[in-house]
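Subject: Structure handover

Hello,

Here is the structure I said I would pass on. My notes on it follow below.

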Amino acid sequence: MVFSTRFVIDQTDPVTLAFCRFGIGSACLLPLFLRKSRVHLDRADRGAVICLGILLYAVMPSLVTTGLQFTYAARGGLVLASQPLLTLLLARWRGEEQFTLTKVLGITFSVIGLGLALSEGTVPTDSKQLVWVGDLSLFTAALCVSVYNVYSRPYLQQYSALLFTTLTMTVGALALAPFAIGVSLMRGLPVLTPLGWAAVFYIGTFGAGVGYFLWVWALERTTPSRVAIFLSLNPLTAMLLGAAFLNEPITPGFVIGLLAVLIGIVMTARPNRAGRHEPLDC
């Protein structure tokens, strides 16, 4: 997703791309949803579902596409890889998960690795200040994902993953629609190359429809940090594809930092041999 977004972002704008992505995604899910599910959402849950939909499918993608305008795909993917750690901290704050010595060491290891990787001078613009704008935007996007991971679980215990994904994604697409229309009126419709359209279609179908449904399906069945940890594969694919197709540099320090982040993330979700986490008093 990071690579495809970075590939096509120069041909459009963040808001329009996010609208196309989740508009296509919701269009893919709606027929399956209407065929197999019945819409029944308690009145008390509607406000929270709307807020979660706007957060994940409107605010988060706009932050991601904005951030990727100022940083490399691999670097952006690495910043987004901080979200499993943020998910763990938020889940711990809500009392849903406990810290262990392994988790604390993993968090420390990941923070050091993230700092090492981001200290590399991989800046795609003339101003080094702009790359930190991109990093901050992507970090905020990671925080949005973490909030969604933790706060969506109570509703996934009441509603199916298909219903919850379809409703929240549709809400997000509708929230983006007036902004996308406004951008098009001011700047004109985006002119995409055939490969650009292919990237948008891929982002919408697999990156939104299929990918987010599987994500929510997993959240329905396990803890937020265990789901979030698999999203750490994102920077690996972004790094490889960015180097192969966008001629983005991969420095030794960046690779070491990336490996440190991934090792730390794995440590945060690794249970002890008995299959239980030993809590720390903190």
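How are α9 and α10 oriented to each other? They are oblique, a term for angles that are neither under 35 degrees (roughly parallel), nor over 145 (roughly antiparallel), nor 65 to 115 (roughly perpendicular).

Before the details, note that this is a predicted model, in which local features need pLDDT of at least 70 and side-chain atom pairs count only at pLDDT 80 or more, while totals for chains, interfaces and linings use all residues. Residues are numbered from 1 along each chain as its sequence is written, and side-chain values use heavy atoms, with hydrogens and water left out.

The chain has 13 helices and 0 strands (DSSP runs of H or I with at least four residues, and of E with at least two, numbered from the N terminus). Of its 282 residues, 49% are buried (under 20% relative accessible area, 1.4 Å probe, protein chains only). Among contacts (heavy atoms within 4.5 Å) with a separation of 6 or more, 88% join residues 24 or more positions apart.

Back to the pair: α9 covers residues 161-187 and α10 covers residues 194-219, and they pack at about 130 degrees with axes 9 Å apart (lines fitted to C-alpha atoms over the stretch in contact, with angles from 0 to 180 degrees between N-to-C directions). On the α9 side, Ala 161, Leu 162, Phe 164, Thr 165 and Met 169 take part. They meet Ala 208, Gly 209, Tyr 212, Phe 213, Val 216 and Trp 217 of α10.

Regards

Technical notes:
Buried means under 20% relative accessible area, exposed over 50%, partly exposed in between (1.4 Å probe, protein chains only).
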